[in-house]
Every structure is written in structure tokens, then in C-alpha cells.
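Hi,

Here is the structure we talked about.

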Amino acid sequence: MKLSALQQSYLNRRANSFRGSPQLDSSGDGPIKSPAAIFWLILHGICCLISLVLGFRFSRLVFFFLVSTSSNNLHMVPFRTAPQFTGSLDFQSALTSNPQANIDNPANRTTIASSTSRVIVGRHGIRIRPWPHPDPVEVMKAHQIINRVQREQRLQFGVKNPRTVIAVTPTYVRTFQALHLTGVMHSLMLVPYDLVWIVVEAGRVTNETSSIIAKSGLRTIHVGFNQRMPNSWEGRHKLEARMRLHALRIVRKEKLDGVVMFADDSNMHSMELFDEIQSVKGMGAVSVGILVHSANTDESTSLPQGKDGEEAPTIPVQGPACNSSNKLVGWHTFNSLPYAGKGAVYIDDRAPVLPQKLEWSGFVLHSRLLWKDVDKPDWIRDLDALNGVDEDIESPLSLLKEASVVEPLGSCGRQVLLWWLRVEARTDSKFPPRWIIDPPLDITVPSKRTPWPDAPPELPSNEKVSISTQEQPTKHSTKSRSSRSRRSRKRKSEIKVIGSQFSTHSEQN
Amino acid sequence: MDAWNRVFLCLIFAAILCTSSAVQRGGNQPTERISGSAGDVLEDNPVGRLKVYVYELPSKYNKKILQKDPRCLNHMFAAEIFMHRFLLSSPVRTLNPEEADWFYTPVYATCDLTPNGLPLPFKSPRVMRSAIQLISSNWPYWNRTEGADHFFLVPHDFGACFHYQEEKAIERGILPLLKRATLVQTFGQKNHVCLKEGSITIPPYAPPQKMHTHLISEKIPRSIFVYFRGLFYDVGNDPEGGYYARGARAAVWENFKDNPLFDISTEHPTTYYEDMQRAVFCLCPLGWAPWSPRLVEAVIFGCIPVIIADDIVLPFADAIPWEEIGVYVYEEDVPKLDTILTSIPPEVILRKQRLLANPSMKQAMLFPQPAQPGDAFHQVLNGLARKLPHAKSVYLKPGEKILNWTAGPVGDLKPW
């Protein structure tokens, strides 16, 4: 096999860079002779100069082909000697040819070509389609495929015979109700199992709550409870407990079948929670992370500093405590000693809101335990027996005669599956009912020095509404004091106040 | 009384049978049986169907090479070493060469590694030639058939062509002395000089323990559509592009680098195996050679392999129906890869996943230590057993010579 010095040296260079070991090629190639090396260097220099002049990289392959076409009699598809631009990568068709004049004896090559091989050895072009970006139709189809695959996975490896989840939520109309209830609603809408949502509302059934719930598309049972929500946290906890018991009575009456869980409207649930509770047989307990919110940042840092030198205070967790053989031995409860005397009493206090010893939301129970006239285990008290006796029930453990039968879920309480958080606005804070501003706002004083030219007074009212409404909800709670001065045209005056505030801010910026 | 007893026993027996089969079906993911063109052969037991005689070569051909560089046990070509160890203690081994159907020569030709761990094939032809000279002069079995009932393991880049560069490999062709032997190799490409007819293709070696320690729960939903980690441009050896992978990997990058469905990159994360288990499709494009260990990894982790290598012959192609398990894409169709993959009907995709979940499929791709039934060692023996009985023509008449002992480049003829 006669190789021209050019090709031989090129291939040898490639071999060198590939394996990092020089000149071990034993296929009969001798060492590079010096004239060839010098010739190569000169060629390299010429190419560099040409590249400098032209401004782009000039491939030495050009010479390869010029030389090899003259020396070999190989039939080759004419190669378009297009130098490689760094930017233009749109060579549409393949530059497939027999580039590196491969060298075998022509007989060998033609035998390969004659057998129906698609594959040609050598340099190929990089095929790029005209618009190498995602196609939305394909993306949609791919997502549907992924959904189908995940559904199949869930069918095979997920929970077999999933049970209905019965979520119990006590709520009442207040500023942040929409915020909290929408959060819970979205979590429940994502649950892949059948769901019944029992919403118990303090006071009476209102349109506001109904309109929020109606957006869920879930099966809901919306009932009212004939008592207004008191202003103190303690009163609120007690009333909520009674509302939950009311819901349990509904479960009993309707003979709903499934797993009852307590989804308080300001809690945050993880999706794994709903998978875990499917396995409960009687009553189960999960770990709840307690997020104690304090408006005063100094207070929060001065909190659990029992040990000196610890940097970040750990989040307290309520839930079952297990020993090493995964049996329930006790409960982790919230330690309220550091907060003694500093906790919030009224709902709009700026002090940290403390949870109770054991929150209802950390417990789940099978609905059969609540039915009457059904075989129940000994350790469950009948719901009717609790009627009227003393309805101050702090936690679902009061429904049991002995607390040791509770099943710890979430790998024995090691997984925190939901978080408890209480954030409320002032009780007298005003907000538009259903968060809809009706009737639309009037034109207010136009602000000065805006980026757009001064608008004529005859503006349609829609635009001003859209500009101002962004400001309203955020500034609302703090401005509520000043809004009370003018009772009659309350809302518009607020807007005026806010509007001018906004303009002053924008001037300062 | 006696009849009643018998009936009772039959009933109990039937009940036991029913429950055992139900347990097998109901417990795990439903899988489908795999039957290739050779039939339902993945679970065949080769013991008793063939006998292999292992030549006793001096340790300079095997043990000493391994001692010089023990890294050979972990790289992609480690199959040749593990096959030797398996055969030494396997029930198919016979110590009587007269009754053997196949003869195995344990020579580790891919164990000459660079400091980086890449094998140098430059001495391999001489090593092989020297081994063959030894066995032909010390035992009469080579000359009887000129190697037609011998098999060799040549798991290098281009098999018995003994070179890593394709053009050089084609130029050399298969070592002339191995022209009649059966070759067991990882390389497979149709109508290629380096794939002899009758060769057995095996998967590259991938460490089974390492993969099994990275298994995650099957409940975790598969959320990545296409996954690939590896080079697209080999800047060191092919700076201008177009040579490496025949431009196919570069085409994948240029067309899909900003596509959110394609999780492709050159960075090798520590969660590589876990990510494969969260993907629906795994790309297995060619590199410098058409085969890749990604195929093994994809099969173990249940990710449908997308094979982008024209004319490739996949491992155990007669026993495993790869068209039903993986997706073949022509290199020229790479720009349309997203269209191709999204147009596969979901039922087909689910069926492929069921086939991949078959434990015999996963087992057939592995070389576990010690060997287990159904693994790649046994598939090789099954393949050899399927080639039996030897045709009468393999036995040469006395004085007949077919092989040319002086063919090949001059450098190969130097003794080793």
C-alpha cells in the first residue's frame, strides 16, 4: 500500500493525538522522513497566512483532495471544498464522499461498495434541519407519552386498590381565606385518587367560600356551623375542633368510605402524604413540620438557642415517636416553653402563633371507625358518645380509648409530609368580597412624571383600573387605617391615597 | 377410601401449582417472554449440549499480562478475561480434548493499556499469531480443522481486525489465521470486513455490581423523555467534526441542544445511573465504533435504547429480537429524531418497557461474577451450541492446507 507522504503524515498525527504514544504503528509505516516534515511545516505556515488574510479558518483538507485526486485513480464524488465557517452550520445534505482517499487497493473498496452497505467510511457532514428548535406539537405529544408511561407505572408499582380520600377543612371568611383555601384546593386537585372534600364554614355558608370551592371540580360537601369564629386563637382552636367533629358526623351519616384526613386551610401538604395515608387501617399519625411564623425577626432568632454554638434553629416537628423496632412509643409534641407568654392571643397579634400540643392535621383515620352499626375495634369510642359530654377535644386521640393503637406512617414518622403554618391578617382588614373590584374604579388623579406622555382626562376607566389594582392588594392591610377616615366613598379614596403614594415612589426611583 | 385419598392429593397438588404460578404473575411488573429468530432461547441451559476444551497456554499469554496491568478487569473489554475464568470452572469444560466440540484459547490480547486506560492493539496480532502457532504445534486439533472448531474472544473495537481506526482496520482485515475460527466479539456491523459470518456478538463488559447499587425504586415516575450523556465532538482526534460517529452525534447536539425533551450533555453527573432510570428513551449512538456500553446500561435500567448506528449487529441478535425492544434510527434521520420518537404509539412503548423488564433480558446482558444462569456467558455457550454439529467440511483431508501463514503485514509476522 503506497501512501503519499502527506496522507501518511496526517494519519500518523491523528494516531499520535489519539493514543498519546508515538510511532507504535506496526503496520509497516516507517518514521516520517524529514523532507515531508519540512514540507508539512511550510504548508502549515502558508495556511496560517491565508487564514489571517481571509479571516476564517482555512482547512488543509483542501490540499489533501487536490493532491489525492491527481495521484489516485479512485472514483470519487467531487468534494465541495467549502472551508468550515464557524458560524454557518447549515450544510443541508451530507458531504458524503470518499474523502480521505482511503487508501486500500481499489479492489477492496469496490467489493465493499458493491455489497449493499449504507455505511461509508470517512468524513460525513453534520445534518442540521432548517429550524433546529423544539416543535410544540412534538413537545405536546411527548408529554402525553410521558403521562401514559407514568400512569402505567402508578398502576403497577403504586398503591393497589386506592381508597377515597376524605379531606376535612374548617374555614371561615376572612382576608386570607382565599389565599389559604386556594392552596389547599390545588393540593387536593392534584391528588390522583378519588376525593371528597368536606368544608365546614364557621358562621354560615357564604357565597365567597362557595365560589372558591366551585373552581376545584372536586366532589365537595359544604356545610355551615352555627357559630362565628372568635377572635382569639384559643377560641379558634376549640371551634375548629368542634367543626371537625361535625364533619366526622357527616361522614358517619353519609357512610362515606375512605381515609379521613384533616386538611387545615393554611397548611401545606406534600403529594407523598396522600400516598402514605392509603395504607392506614385504623388510625394513623404522620409527622407535621411546624413553621412558627414571627413578625418580629429578633424573636425568631432568639428562640431555640438551648445549645450554644448551634447555628440554625431546627424546625420543630410534631408526630409519632418510634423506637428502633419501629413501634410507636410516644409522641413528639411542640415545646411551647420558649414562647411562654410571648405567643399570640388574638388572631391579629404580631406575636408568633403557636400550635397546640398535637395538631389534628397530623392524624388520619379510616372512615369505618366512624360508622355506626358496624364491627369496630374495641379501642375506638363511638362518636355519639361524645355528644354534649365535653366537646373540648384537643386532638383525635380523644376518640381512642388507648393511644398505642395508632399506626405511625411515613417511615415511622421520619418523613415530614405536611407543614403547619398560621398566617392571618388583621381581623378588621378590608378586602373586596371575592377579590373582585365592583363597581370599577373611577379615574383618579393622574400621576406626574410617568414614562408615557400625560394622558388627557378623558381616559376610559378600564386602564386606570388595571394600573391601580396591582397596587391595591399589597398595600391594603397597611393602608386600612387611613382608609377608615372616609367611610362613604371608602374604596375610591383608598385608591387615591395609594395612587398618589405610588406616584411619589416612582418619582423617587 | 383409597380413591378419595388420591383425589384429595390431586386437588392439593393442583392448588399448589395454581398458587405458585399466580404468585409469579401477580407479584412483579408484567413482563413478556422474549423470543428471537432462534426461538425462545434466552433461558436455555447449555450444559450437556456442548463440550469445551480449554488449552493450557503458558501464563505469558494470560496471567502475566493481567498481572502487568490489573485495570484490564474493569474496562469494556474485560469479557475475555472473565470468559476464561468462567470456562475453567464451568460444567461444559472437558479435560478430554477428543470429546470436545469446541476449543478455547485463553489469550488476553486487549490488555496492553495506555496510561489513560485505552487498549493498544498494535501487538495483538503478534500475540494471537504466537498463541496459534503454539497450539498448532503442541496439539493436533488445530491442524485437523485449521481452527474451524476453535473460538476466540476478540472484544476490541473492530474485532479481529485489531485496530481502533476504522480505515486501518478495514485495510488490515481479519487476521488471516482466524479466517476459519468462530469469533466472539463486541463489534458487529453488516457487510463489514471485520464481521465474519458466523461470529457471535456479545455486549461490552459493564460492571454488574456497580449498576445494581444504583437501582432506584420503580415507583419513581419516568419524567425525562430522552437522555444521553457523552461526547458529541471528539475535539482531540477529530477537531473539525464529521469524522467522529460519522457526524451523527454532532447532528444530535446541533438539532436538539435547546429542546427541553432532550436531556443531553457532555457532563457526566454522579447520578448518571439514577437519571437513566428516570428516562423513557436513552440514546445509544455510535462513537468511533458502532457498539457502546450504553446499550447494556439502558437495558438494565429499563430505558428504551434508541440505536443510531447504521447496519449495526446487536448482541445475541439471533436470540434477542432487538427491533421489538429498541428503536432503530438511521443516521440520516437524526434531524427528525423528535418526530420519530413522538410518533411511536404509547402501546408500543409500554410493550417495549415490558420486554425490557423481563429479568432474563437483563441477565443476558451482564457478565456477573460468579456466573449465573442466563447471563452473557451462558448466551455465548448457547450460541456455540446452536452451531453444532459441525459440518463435515470443517475437517480437512490430510495434507490439505487452507490458511496462509505468511499473509498479512510484515510487522505481524515478528514473533512475540
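Cys322(A) sits in strand E8 (residues 317–322) of chain A and Cys412(A) in helix H11 (residues 410–413) of chain A, so the bond ties together parts that are 90 residues apart in sequence. The S to S distance is 1.8 Å. Keep in mind that this is a predicted model.

How exposed are the two ends? Cys322(A) is partly exposed, at 24% relative accessible area. Cys412(A) is buried, at 8%. The cut-off for buried is under 20%.

Over all chains, the structure holds 4 disulfides. In chain B the pattern is 1-2, 3-4, 5-6, counting bonded cysteines along the chain.

**Cys161(B) to Cys194(B)**

- The sulfur atoms of Cys161(B) and Cys194(B) are 1.9 Å apart.
- The torsion about their S-S bond is about -115°, so the disulfide is left-handed.
- Cys161(B) lies in the loop between strand E3 (150–153) and helix H6 (166–172) of chain B, and Cys194(B) in the loop between strand E4 (182–185) and strand E5 (200–201) of chain B. The two are 33 residues apart.
- Both Cys161(B) and Cys194(B) are buried.

**Cys282(B) to Cys303(B)**

- The sulfur atoms of Cys282(B) and Cys303(B) are 2.0 Å apart.
- With 110° about the S-S bond, this link is right-handed.
- Cys282(B) is in strand E8 (residues 279–285) of chain B; Cys303(B) is in the loop between helix H10 (294–300) and strand E9 (304–308) of chain B. They are 21 residues apart.
- Cys282(B) is buried at 1% relative accessibility, and Cys303(B) is buried at 0%.

Cys284(B) is in no disulfide. Its nearest cysteine sulfur belongs to Cys282(B), 6.7 Å away. Cys284(B) is buried, with a relative accessible area of 5%.

Cys47(A) is also in no disulfide. The nearest cysteine sulfur is that of Cys48(A), 7.1 Å away. Cys47(A) is buried, at 3% relative accessible area.

**Chain A overall**

Chain A has 509 residues, of which 41% count as buried. Its secondary structure comes to 14 helices and 12 strands. The chain exposes about 28,300 Å², and carbon and sulfur atoms supply 56% of that. Among its contacts between residues at least 6 apart in sequence, 72% join residues at least 24 apart.

Best wishes

Terms used. Residues numbered from 1 in each chain as written. Chains lettered and ligands numbered in written order. Predicted model: local features only at pLDDT ≥ 70, side-chain atom pairs only at ≥ 80, totals over all residues. Heavy atoms only, no water. Helix = DSSP H or I, 4+ residues; strand = E, 2+ residues; numbered from the N terminus. Buried < 20%, exposed > 50% of the residue type's maximum accessible area, 1.4 Å probe, protein only. Contact = heavy atoms within 4.5 Å. Areas by Shrake-Rupley, 256 points an atom, 1.4 Å probe, with all protein chains shown as cover. Disulfide = S-S within 2.5 Å.
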